[in-house]
Amino acid sequence: APQLPRYTRAEVAQHRTPKDRVWVTYGTDVFDVTEFVELHPGGPDKILLAAGGALEPFWALYAVHSQPHVLELLRDYKVGELSPEDAAAPPPGDTADPFAGDPPRHPALRVNSLKPFNAEPPPELLTQSFLTPNELFFTRNHLPVPAVEPGSYRLRVEGPGGRALSLSLSELRQRFPKHEVTATLQCAGNRRSEMSRVRPVKGLSWDIGAISTARWGGARLRDVLLAAGVRDNTGDGEWHVCFEGLDVDASGTPYGASIPLKRALSAEAEVLLAYEMNGRELPRDHGFPVRVVVPGVVGARSVKWLRSVAVSPSESPSHWQQNDYKGFCPSVDWDSVDFGAAPAIQELPVQSAITEPRPGAAVPAGELTVKGYAWSGGGREVVRVSGAKGGEGKMGWGEREWREMGWGKGDGGKWE
Ligand code: HEM
Ligand code: MTE
Ligand code: MO
């Protein structure tokens, strides 16, 4: 066979659009798939997400590709091989960097900030499946990802009157029944880039993807609190449950937040201390080994890398409970804001967005399939999706999946 040319990964990365030609790698082989882009059964937009890089992380998410005919098809487009140096693993990062220990991430994520890591899935992958694959679930980190050794992990639970528990990971799994909940997390900043077009606002410039859905498994917070001596009448329904993470800032202060004790104790609210996400252990970016999941409530309260849980007459003293994640009227700005004057956000209102087609996309004349998501907030069910001309949307997986799973309610849905 004739010797094919060798290319570096940097050379492959220069071919990311049909104009510059579309190259991808698989193993150590290089392919020019420009002519296949329009023929791709999964759509041209999706294949372009991998342009200039490796196919493996994308194909790992969509099992349709693990069939012999897909590899055969790819073989026709081979144009070369990776240079021997680039075929080897990338060099390790800088150890003086506090973020050097962060985990590897999926290349499809749209990165809003690298350190700390904040990223969202591209819209057309968000509605590719009802449950967001763990690798694509949006990530909102305020600090470096802590490295937790699961064998020595302990969760401290402080009940009323000085009572406290210290739970290992296996005690958390064995002492309390495992409960599963399908819940959507949304960051308060979701769609901030659109708000900024009306008036500039401070914060990460999220598009519509700072929202994702997973099936979470773990112990009910209620069960753990009862074991720590909390009773249904503790604090007369006025107290709070404060959470702290293992992620700390330069002064050693951890991320923290709280929710009302009433919600924590409500069997209906289904607040979890989750150790599983879509049937697997939590990924490091999403709180390994244990995180809080508060369905229907702003993502900021679902504390990751959970270190402690404490019942208290007051809300968490954390910066993120007291001086962030609050809503103000449009006349308030950063000079006049008084964070003490507003309550901490818990439930968020209705949210919905179109994921396909994207703004500005050229679409064919005639009937068009539009995809998107709808979320009610507060753990409530999506009742209706209506079009601009009053037409009703056809509910997609949301409703159907909840019924299949025997769930009477869900707090998210996707439709087309
Ligand atoms: C489906 C090939 C890249 C997402 C398919 C199918 C083929 C194919 C042959 C149909 C499989 C079957 O039903 O038997 C390829 C090739 C690629 C590529 C050759 C690269 C050169 C990608 C990438 C993504 C992707 C990067 C995601 C980001 C999908 C999806 C489907 C699909 C979601 C299923 C479509 C549906 O039925 O809804 N692809 N693919 N593909 N592909 Fe790809
Ligand atoms: N927990 C800790 N310990 N540290 C954090 O930075 N970010 C919060 C919350 N829990 C955060 C945290 C915010 S603002 C959101 S929106 C969600 O986690 C995001 O969860 P995810 O990264 O798993 O999507
Ligand atoms: Mo958030």
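Which residues coordinate the iron atom of ligand 1? They are His40 and His65, each through NE2, at 2.0 Å; donors are N, O and S atoms within 2.8 Å of the metal (3.2 Å for Na, K and Ca), with water not among the atoms. The model is predicted, with local features requiring pLDDT of at least 70 and side-chain atom pairs pLDDT 80 or more, while totals for chains, interfaces and linings use all residues. Residues are numbered from 1 along each chain, chains are lettered from A and ligands numbered from 1 in the order written, and side-chain values use heavy atoms, without hydrogens and water.

The iron site is octahedral, its 6 donor atoms making angles of 88 to 179°; six donors count as octahedral if opposite ones are over 155 degrees apart and all others between 65 and 115. Histidine 40 sits in the loop between strand S4 (29–32) and helix H2 (44–48), and histidine 65 in the loop between helix H3 (56–59) and helix H4 (68–75), so the pair ties together parts 25 residues apart in sequence. Helices (H or I, at least four residues) and strands (E, at least two) are DSSP runs, numbered from the N terminus. Both histidine 40 and histidine 65 are buried (under 20% relative accessible area, 1.4 Å probe, protein chains only).

Ligand 2 is surrounded by 19 residues, the closest being Phe138, Asp247, His286, Arg291 and Lys304 (a heavy atom within 4 Å).

| Residue | Atom of ligand 2 | Distance |
|---|---|---|
| Histidine 142 | oxygen | 2.7 Å |
| Aspartate 247 | nitrogen | 2.7 Å |
| Histidine 286 | oxygen | 2.6 Å |

Methods. Tetrahedral: all angles 85-135°; square planar, octahedral: opposite > 155°, others 65-115°. Buried < 20%, exposed > 50% of the residue type's maximum accessible area, 1.4 Å probe, protein only. Polar contact = N/O pair within 3.5 Å; in protein donor to acceptor, adjacent residues only side chain to side chain.
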